[in-house]
Structure formats: C-alpha cells, structure tokens
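Please keep the sequence and the model at hand while reading.

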Amino acid sequence: MSGLRKSVATASGEDGWANLSAVGSLMRKQHPDFDSRNWGYAKLSDLVRATELFVVEPRPGGGLQIQHRKRNGE
C-alpha cells in the first residue's frame with residue numbers, strides 16, 4: 001500500500017485532495033502490474049475505501065477525490 005500512499009501524495013493539490021482517476025493513472029505508470037482486482041476489489045475506489053487510510057468524497061463535477069486520513073494528534 002506504500003505505492004498507493006505515494007501516488008496520492010504526488011497527485012494531491014495544496015489542499016491535500018487528489019483526484020482518484022489521477023491516482024489510478026500514477027499507480028499504473030509506477031506499478032504496471034497493479035490491479036485492484038488482485039486485492040479482491042473490482043474498482044480502485046473500493047480498494048481505497050477498504051484500506052481506511054483515506055477519506056473519499058465525491059467531486060462537485062463528478063468522480064471522486066481522496067486525501068490521507070488524519071491520525072490522532074495531526
């Protein structure tokens with residue numbers, strides 16, 4: 001999951017949010033063998049939610065945006 005964290009960090013804007021489709025593109029470029037189905041999830045969004053490492057919200061124009069979930073004390 002470190003590749004996923006790095007992709008989110010790279011795709012994130014100043015506000016800390018990243019477009020999920022941009023994260024998916026980065027994952028495919030950096031890890032060509034990555035496929036959420038290998039982890040048992042049909043979609044990347046399902047895998048991201050299951051990790052509980054990220055906050056997932058709909059974007060106003062469609063699609064999803066994600067950001068690292070804050071840990072206690074952050």
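## Two crossing helices

The axes of H1 and H2 come within 9 Å and cross at roughly 125°, where axes are lines fitted to C-alpha atoms, for helices over the stretch in contact, and angles run from 0 to 180 degrees between N-to-C directions. H1 and H2 are therefore oblique to each other; angles under 35 degrees count as roughly parallel, over 145 as roughly antiparallel, 65 to 115 as roughly perpendicular, and the rest as oblique. At this crossing, Gly3, Leu4, Ser7, Val8, Thr10 and Ala11 in H1 meet Ala22, Val23, Leu26, Met27 and Gln30 in H2, contact being defined as heavy atoms within 4.5 Å. Helices (H or I, at least four residues) and strands (E, at least two) are DSSP runs, numbered from the N terminus.

This is a predicted model, in which local features need pLDDT of at least 70 and side-chain atom pairs count only at pLDDT 80 or more, while totals for chains, interfaces and linings use all residues. Residues are numbered from 1 along each chain as its sequence is written, and side-chain values use heavy atoms, with hydrogens and water left out.

## Buried and exposed faces

The buried residues of H1 are Gly3, Leu4, Ser7 and Val8, where buried means under 20% relative accessible area, exposed over 50%, and partly exposed in between (1.4 Å probe, protein chains only). Viewed down the axis of H1, these buried residues fall within an arc of 135°, so they line one face of the helix; the arc is that of the directions from the helix axis to the C-beta atoms. The face of H1 turned away from this buried side carries the exposed residues Lys6 and Thr10. The cover over the buried residues of H1 includes S1, H2, H3, S2 and S3.

In helix H2 (residues 20-30), the buried residues are Leu20, Val23, Gly24, Leu26 and Met27. They cover an arc of only 160° around the axis, which puts them on the same side of H2, whereas Arg28 and Lys29 are exposed on the other side. Among the elements covering the buried residues of H2 are helix H1 (2-11), strand S1 (18-19), helix H3 (44-51) and strand S3 (64-68).

## The sheet

An open sheet is formed by 3 strands in the order S1-S3-S2, with antiparallel pairing; two strands pair if DSSP finds at least two bridges between them. The edge strands are S1 and strand S2 (54-58), each of which pairs on one side only. S1 and S3 pair over 2 bridges, and S2 and S3 over 5 bridges, with Phe54 having His68 in S3 as its bridge partner. S2 and S3 also form a hairpin with 5 residues between them, and Gly62 in the turn has a positive phi of about 110°. H3 lies across S2 and S3, running at about 135° to S2.

Leaving aside residues up to four places away in sequence, Gln65 touches Trp17, Ala18, Asn19, Leu20, Val55, Val56, Glu57, Pro58 and Arg59.

Glu52 lies in the loop between H3 and S2 and is exposed, with a relative accessible area of 59%. Most residues other than glycine have a negative phi. Glu52 has a positive phi of about 60° although it is not a glycine.
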